[in-house]
Amino acid sequence: MEASCLFICNGKGGCQHEKRISLLLLLVAVLISCNSSGNGASGQHETYTYTSPLLVTFGDPFLLKAADGRFYMYGTSDGINGFRVYSSANLADWTDEGVVYEGGKEDSWALNCFWAPEVYEHNGKYYMFFSANWKHNPTNELETFRIGIAVADKPTGPFVNVSDQPLFDPGYPVIDANVYFDDENNKAYLYFLRCCYKHPVESEIAGWAKEQGWFDEIEESWVYGVELKTDFSGIIGEPQVLLRPPCKNG
């Protein structure tokens with residue numbers, strides 16, 4: 001079985017996900033020059049230079065090209081319980097459009113650690129899928145990450161929660177939502193990451209790490225997928241494992 005290793009975490013005390021909020025966002029790996037024709041008859045050209053890193057203060061970037069033709073970049077935002085967005089007409093010059101979603105409020109299901117927003121334009125609305133710690137924590141867990149959805153009429157928000165609950169509760173912490181729209185069949189599918197917190201497993205990678213004496217217990221993050229209800233009110237069926245490190249016995 002071929003697969004990619006996602007995370008291996010120390011089982012002592014649970015897996016503490018550390019989102020590195022970089023002050024310099026790596027949007028591209030190398031310096032790229034892009035020439036676009038301004039007026040073919042006159043032979044004039046506009047030249048844009050795209051550089052890495054950009055002076056944008058968040059991580060986990062997600063880029064949306066909206067109906068207005070502009071690009072909108074969302075990401076894990078430093079210092080707030082929510083998300084900011086930057087806009088651009090050419091991917092070189094960026095404007096800070098401010099905070100477009102705020103959580104951690106009394107009427108919100110989400111408490112803190114707002115991570116990895118992705119925004120999709122669908123049926124004239126803009127839907128933001130994001131991860132955050134759930135307020136509901138009767139057993140005092142270190143991580144209660146769930147996926148939520150907020151909606152807005154325009155890409156600059158404001159985005160408001162579609163529900164006072166997470167999208168679904170699989171019984172374990174999940175982050176990093178991604179959505180695929182199957183327009184031909186009018187279906188949508190959610191892909192997400194199961195956190196490695198309290199997820200000890202046996203695999204080739206885990207066995208190798210134990211042999212090195214690095215960890216007493218290995219916890220791994222796996223990628224799951226599930227169909228979404230058409231109104232985004234929940235999921236259809238049970239999430240299925242799609243990607244995981246190689247198993248020891250196949």
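Start by selecting Ser-131 and its surroundings: leaving aside neighbours within four places in sequence, Ser-131 is in contact with Cys-113, Phe-114, Trp-115, Arg-146, Ile-147, Val-174, Ile-175, Asp-176 and Ala-177. Contact here means heavy atoms within 4.5 Å. You are looking at a predicted model, in which local features need pLDDT of at least 70 and side-chain atom pairs count only at pLDDT 80 or more, while totals for chains, interfaces and linings use all residues. Residues are numbered from 1 along each chain as its sequence is written, and side-chain values use heavy atoms, with hydrogens and water left out.

Stay on Ser-131 for a moment. This residue belongs to strand 9, which covers residues 125-133. Helices (H or I, at least four residues) and strands (E, at least two) are DSSP runs, numbered from the N terminus. Ser-131 is buried, at 0% relative accessibility; buried means under 20% relative accessible area, exposed over 50%, and partly exposed in between (1.4 Å probe, protein chains only). Now show the backbone too: the side chain of Ser-131 reaches the backbone nitrogen of Asp-176 at 2.8 Å. That is a polar contact, a pair of N or O atoms within 3.5 Å; within protein, one must be able to donate a hydrogen and the other to accept it, and residues adjacent in sequence count only if both atoms are side-chain atoms.

Next, colour Met-128, Phe-129, Phe-130, Phe-159 and Leu-190. Of the 44 residues in the largest nonpolar core, these five touch the most other members. Strand 9 gives the most to this core, with 6 residues. A nonpolar core is a set of buried Ala, Val, Leu, Ile, Met, Phe, Trp, Tyr and Cys residues joined through side-chain atoms within 4.5 Å. For a second, separate core of 7 residues, select Leu-54, Phe-71, Met-73 and Tyr-86, which are among its members.

Now move to His-122, in strand 8 (residues 115-122). Is His-122 buried or exposed? At 16% relative accessibility, His-122 counts as buried. Its contacts beyond four places in sequence are Tyr-127, Phe-181 and Phe-232. Try the distance tool on Phe-181: its C-alpha atom is 9.2 Å from that of His-122, although the two are 59 residues apart along the chain. The side chain of His-122 also makes a polar contact with the side chain of Asn-123, at 3.3 Å.

Finish with the cysteines. How many disulfides are in the whole structure? A search finds 0, where a disulfide is a pair of cysteine sulfur atoms within 2.5 Å. Select Cys-195 and Cys-196: the sulfur of Cys-195 has its closest cysteine sulfur in Cys-196, 6.9 Å away, too far for a bond. Cys-195 is buried, at 0% relative accessible area, whereas Cys-113 is partly exposed, at 31%.
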